[in-house]
Amino acid sequence: MKGRALAALLKSKLRLPVMAGPMFIASTADLVIAQCRAGIIGSMPALNPRSSAALDADIARIGEAVGDAPYAINLVAHASNSRLEADLDVVLRHKVPIVVLALAANRDLVARLQANGSLVFQDVIKDRHARKCAEIGVDGIIGVGAGAGGHTGDLSPFALCQEIRAWWDGLLLLSGCIANGRSVLAAEVLGADLAYVGSPFLASDEANTQPGFRRMIVEGTAADIVTTNCFTGVDANFLRPSLVENGLDPAQLKRAEGKAINIDGGGDNARAWKEIWSAGQGIGAVRRAEPAGDYIDWLAQDYAAARAAMRMPA
Ligand SMILES: Cc1cc2nc3c(=O)[nH]c(=O)nc-3n(C[C@H](O)[C@H](O)[C@H](O)COP(=O)(O)O)c2cc1C
């Protein structure tokens, strides 16, 4: 099933049109379970459990807890990921409902996952990347707009959605700073089927985030977010107070020119993600640290209020 029929089917299984974005280190199996139980698509990176065996145990636990609710596992499909084959085996064995691929996905991998019953999504920051994803047959395209947490895009969501929706009839997700009900509705109005939400869940009780990190998410606003490619070679958004706490001057960060991409920081930059914390510009809408289910309850109410304000049926 593809296109509008797939979008309608997925949406019919959800309480509101939202998928959680997988977050390195921060997303846990407990977070995925809480997200699914509250009625959105939960997700986590395959690399968060410390081994492929731990991933196996986590996915078994998630499957048991959420029944036939859709959830997603994020695989880094790059030669530098030494766990890729072992993690892929686990994902195939469990017939994970949705796989979000990052980096160097190829037609064979997409086809293998789909033949095994998974839907395959991939994130993009440009229309050109989206066209490549369509060419290799993905089921869902995730447009990552400017201001997103983690590795960010730099395009306005208006530009991204306008360009991709002009030719892509398949499932489209939009991410970047979406944190309240009005923004979820706005993503739909722009043409996305689902909003893709990451940073607000950094303040969830079930997330693997330190108290100081949660505090920065709750107290921070868009003005606290700094974009730099100096840690991974690719633009990513980090919390200014966290850079300062680590002895770095945000104004002095140098752009990395021609640096090899190293997605998890690694080497000299091993502090990125672990101690230098990432978040997107939408954190100004995060009101408190709380269980993920409470945030999603609020988001559902806020979304219903946004629809009512626009005189749209609930
Ligand atoms: C701390 C952090 C870690 C992230 N790690 C990953 C990751 O491992 N894989 C991935 O596909 N996206 C990752 N992302 C991106 C999210 O899945 C999602 O695209 C993004 O958070 C959406 O933007 P928002 O944070 O403004 O809601 C990460 C984001 C954050 C904030």
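**The α2 and α3 pair**

Select helix α2, residues 29-37, together with helix α3, residues 52-66. In this predicted model, the two helices pack at an angle of about 20°, and their axes are 10 Å apart. The pair α2 and α3 is therefore roughly parallel, since angles under 35 degrees fall in that class. The crossing of these two helices, α2 and α3, is right-handed.

Now display the side chains where the two helices meet. On the α2 side, select Ala29, Asp30, Val32, Ile33, Cys36 and Arg37. Their counterparts in α3 are Asp58, Arg61, Ile62, Ala65 and Val66. Coloured by class, the contact of α2 with α3 shows seven nonpolar and four charged residues, with no polar residue.

Ile25 has a relative accessible area of 26% and is partly exposed.

**The whole chain**

The secondary structure comprises 11 helices and 11 strands. The radius of gyration of the chain is 18 Å, close to the 20 Å that the globule rule gives for 314 residues, so the chain is as compact as a globular protein of that length. Along its principal axes, the C-alpha trace spans about 50 × 50 × 40 Å.

With the chain coloured by accessibility, buried residues account for 55% of the 314 residues. Among contacts in the chain with a separation of 6 or more, 65% are between residues 24 or more positions apart.

**The α4 and α5 pair**

Select α4 (84-93) and helix α5, residues 107-115. Their packing angle is about 30°, with the axes 10 Å apart. That angle makes α4 roughly parallel to α5. The crossing of α4 and α5 is right-handed.

For the contact itself, show Glu85, Leu88, Asp89, Val91 and Leu92 in α4, which meet Leu109, Arg112 and Leu113 in α5. By class, this contact of α4 with α5 has five nonpolar and three charged residues, and no polar ones.

Then follow the chain to Lys95, in the loop between α4 and β4 (98-102). Lys95 is not a glycine, yet its phi is positive, at about 45°.

**Asp127 in α6**

Select Asp127, which is found in helix α6, residues 127-135. Is Asp127 buried or exposed? With a relative accessibility of 12%, Asp127 counts as buried.

Apart from neighbours within four places in sequence, Asp127 is in contact with Leu160, Glu163, Ile164 and Trp167. For a distance check, draw a line to Gly170: this residue and Asp127 are 43 residues apart along the chain, and their C-alpha atoms are separated by 14 Å.

**Ala146, between β6 and β7**

Continue to Ala146, in the loop between β6 (140-144) and β7 (150-151). Ala146 counts as partly exposed, with a relative accessibility of 31%.

Which residues does Ala146 touch, not counting residues up to four places away in sequence? They are Thr152, Gly153, Asp154, Leu155, Gly176 and Cys177. A line from Ala146 to Ile125, C-alpha to C-alpha, covers 8.6 Å, for residues that are 21 apart in sequence.

**Ser242 and Glu275**

The last stop is a pair of residues in contact with each other. Begin with Ser242, which lies in helix α10. Its relative accessible area is 1%, and Ser242 is buried. Beyond its neighbours within four places in sequence, Ser242 is in contact with Met216, Glu275, Ile276 and Trp277.

Where is Glu275 located? Glu275 is in the loop between α10 (240-245) and α11 (292-309). Leaving aside neighbours within four places in sequence, the contacts of Glu275 are Ser242 and Asn246.

To finish, draw a line from Glu275 to Ile225. These two residues are 50 apart in sequence and 15 Å apart in space, C-alpha to C-alpha.

Terms used. Residues are numbered from 1 along each chain as its sequence is written. This is a predicted model: local features need pLDDT of at least 70, side-chain atom pairs count only at pLDDT 80 or more; totals for chains, interfaces and linings use all residues. Side-chain values use heavy atoms; hydrogens and water are left out. Axes are lines fitted to C-alpha atoms, for helices over the stretch in contact, and angles run from 0 to 180 degrees between N-to-C directions. Helices (H or I, at least four residues) and strands (E, at least two) are DSSP runs, numbered from the N terminus. Angles under 35 degrees count as roughly parallel, over 145 as roughly antiparallel, 65 to 115 as roughly perpendicular and the rest as oblique. A crossing is left-handed if the near helix is turned anticlockwise from the far one by less than a right angle, and right-handed if clockwise. Contact means heavy atoms within 4.5 Å. Ala, Val, Leu, Ile, Met, Phe, Trp, Tyr, Cys and Pro count as nonpolar, Asp, Glu, Lys and Arg as charged, and the others, Gly among them, as polar. The radius of gyration is taken over C-alpha atoms; the globule rule is 2.2 Å times the number of residues to the power 0.38. Buried means under 20% relative accessible area, exposed over 50%, partly exposed in between (1.4 Å probe, protein chains only).
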